[in-house]
Amino acid sequence: MVPEDNSPKSPPPRRFIAGAVCPRCSAMDTIVVDRETDLRECVACGFSDPRPKDNRVPAAEPVTRVSRPAARRVETAAEVVRVLEPPPKRED
Ligand SMILES: [Zn+2]
C-alpha cells in the first residue's frame, strides 16, 4: 500500500500518446507527455522534446485589426465613374 496522493515524490502526470512514433528510435506508443511541463518523452530511448500545445488557439488573431479608415472608404465610393461619356467630337 503506497500513498501516492500525498507523496511529494509522486511521478509526474505523464500520459502516453496512442499511435505516436518516436522521431529518434521510431518506436510506437513510447511517447509520453508530461501534462505539467508539456514535455514529450520517449520511454524507450530517452528522447525528450518540449512540445507546444497544439490545442491552444493562438490569442494573437488578426481579427482585431479592423481599424481601417472608414471615411476614406466612403470618399472612394462616392467617386462616380464618369468616363463612359466622352465629349462629342466637333468636326468642323
Ligand atoms: Zn525513442
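Strand 3 and strand 4 pair in the antiparallel sense, over three bridges. By pairing I mean that DSSP finds at least two bridges between two strands. Strands here are DSSP runs of E with at least two residues, helices are runs of H or I with at least four, and both are numbered from the N terminus.

Before I go on, a word on the source. This is a predicted model, in which local features need pLDDT of at least 70 and side-chain atom pairs count only at pLDDT 80 or more, while totals for chains, interfaces and linings use all residues. Residues are numbered from 1 along each chain as its sequence is written.

Now the chain as a whole. The chain has one helix and four strands, and from the N terminus on the order of elements is β-β-β-β-α. How confident is the predictor, as a mean pLDDT of the chain? The mean is 74, and 51% of the residues reach 70 or more. pLDDT is the predictor's confidence in each residue, on a scale from 0 to 100. Where pLDDT is low, the predicted coordinates should not be read in detail.

The four strands form an open sheet in the order 1-2-3-4, with antiparallel pairing. Strand 1 and strand 4, the latter at 48-50, are the edge strands, and each pairs on one side only. Neighbouring strands of this sheet are turned by 25 degrees against each other on average, direction ignored. For that angle, axes are lines fitted to C-alpha atoms, for helices over the stretch in contact, and angles run from 0 to 180 degrees between N-to-C directions.

Next, strand 2. Strand 2, residues 31-34, pairs with strand 1, residues 14-16, in the antiparallel sense over three bridges. There, Arg14 stands opposite Asp34, and Phe16 stands opposite Val32. Strand 2 is also joined to strand 3, residues 39-42, by four bridges, again antiparallel. On that side, Val32 stands opposite Glu41, and Val33 has Arg40 as its bridge partner.

Strand 2 and strand 3 form a hairpin too, with four residues between them. Which residue in that turn has a positive phi of about 60 degrees? The residue is Asp38, which sits in the loop between strand 2 and strand 3. Asp38 is exposed, because 12 other C-beta atoms lie within 10 Å. The cut-offs are these: a residue is buried if 20 or more other C-beta atoms lie within 10 Å of its own, exposed if 12 or fewer, and partly exposed in between, with C-beta atoms placed from the backbone.

Asp29 also has a positive phi of about 60 degrees, although it is not a glycine. Most residues other than glycine have a negative phi. Asp29 lies in the loop between strand 1 and strand 2. Is Asp29 buried, exposed or partly exposed? Asp29 counts as partly exposed, because it has 14 C-beta neighbours inside 10 Å.

One more residue, Pro13, which lies in the segment before strand 1. Pro13 counts as exposed, because it has 11 C-beta neighbours inside 10 Å. Leaving out residues up to four places away in sequence, Pro13 touches Arg35 and Glu36. Contact means that the C-beta atoms of two residues, placed from the backbone, lie within 7 Å. From Pro13 to Arg35 there are 22 residues in sequence and 5.8 Å in space, C-alpha to C-alpha.

Last, two figures for the chain. Of its 92 residues, 5% count as buried. Among the contacts in the chain with a separation of 6 or more, 5% come from residues 24 or more positions apart.
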